[in-house]
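Dear colleague,

Please find below the structure that I am handing over to you. My notes on it follow directly after.

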Amino acid sequence: MKNNQRVSRMTPEKDDPWIPVGVMGEHTFCKRAGIIEYESNKDDTGEEGIPVKRKFFNILYSINAIKNKMKKSFIQIIIYLCFIAVAVSLYMLHNNILILICLVATACYFLFRNIGQFCYLSYLYIQTLIAASKEPDINKKEPQDINWWSLIHCGFQIAASNEGIKDEKWKVIGRPFRILERGNLRIPVMKKLGQAKLYRQHFSKIAAYCHLLEIAEPGVSSPYGIVLFSNGYSGKSIPNYPGSSKSFHDDLISARKTFRNIKNIKINPPNRKLCYKCHHGRPTSNNWGVTWHSTCGDRFNWIPPHERAREKDLI
Ligand code: SF4
């Protein structure tokens, strides 16, 4: 390289670490949160906060998955009904009320659980049927409301990336929650818990995912990304326009600066309002309230002003 050739501000220094998109987003939200996520070495999953795991009423993102689960649930309902019929026949043969109560109670428990699940899946399936196909207008520069099923009806295929997508040049890596594919379009999808509101970090993250998808597959285009809210099917599209790209570039550079000096850097607490609902600051106790800990409290040796810390009179 010629000496007078300008080095892009996005080029990392030799020893700069790789930065996951999720960590960069947390760092934009609060530098302390970024440090906690960075030190935890967690992979980016395209999901913000702590994902809610629901065994029976979980959120499904493909119509086929809903249909398959409905089928499975229906077969189980039939099996438990047959089981109850057999139990009643046994009672008639042996006249043992205790056996009957035990068998029928167990079967009823599973039967009603399956009926509940079947109703829930039917409700989801109806939602997929009534959704009209609609996708965001790519010429608009503002976020637009979207419905997941309306997008799916526009002919997108849902893909999941098992590994992070890398940009070797900028040392940034990210794995969107899902990727919508149609022709040469690649639309990254991420999930956000809590309020249905967008903040700066969501614009940066979507621009980062779009950038990664575009460099991973030359010739594809990512004109916008999707943020799904609170484990549901509604969300917003964020256009991949120069303003979002600039936020991404600035936020990546800022995160690098913090992680470069992570041992010596002194980060003051942010605006206290941020801590009020932050999951890093939520105090928990495993000894009946004798001592309380939070990830942020332990890492930075303080009591974050989380709403739960106030409720428990810790501050
Ligand atoms: S509790 Fe407050 S300081 Fe700690 S990570 Fe959350 S927002 Fe940042």
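In what follows, a residue is taken to be near a molecule or strand if its C-beta atom, placed from the backbone, lies within 6 Å of it. Please bear in mind that this is a predicted model, in which local features need pLDDT of at least 70 and side-chain atom pairs count only at pLDDT 80 or more, while totals for chains, interfaces and linings use all residues. Residues are numbered from 1 along each chain as its sequence is written.

The ligand is surrounded by C30, R32, A33, P269, P270, L274, C275, C278, H280, G281, C296 and P304. By class, this shell has 9 nonpolar residues (Ala, Val, Leu, Ile, Met, Phe, Trp, Tyr, Cys and Pro), 1 charged residue (Asp, Glu, Lys and Arg) and 2 polar ones (the others, Gly among them). At least two shell residues come from each of α2 (31-40) and α8 (272-275), where helices (H or I, at least four residues) and strands (E, at least two) are DSSP runs numbered from the N terminus. Because domain 1 (19-44 + 134-260) and domain 3 (272-311) both give residues to the shell, the ligand lies between them; the domain bounds come from an automatic or database domain assignment.

There is also an open sheet of 6 strands, in the order β2-β9-β8-β7-β6-β3 and with mixed pairing, two strands being paired if DSSP finds at least two bridges between them. β2 (144-147) and β3 (157-159) stand at the edges with a single partner strand each, so one side of each is left without a neighbour in the sheet. Strands β2 and β9 (residues 234-239) run antiparallel and are joined by 4 bridges, and Q144 has S237 in β9 as its bridge partner.

Best regards
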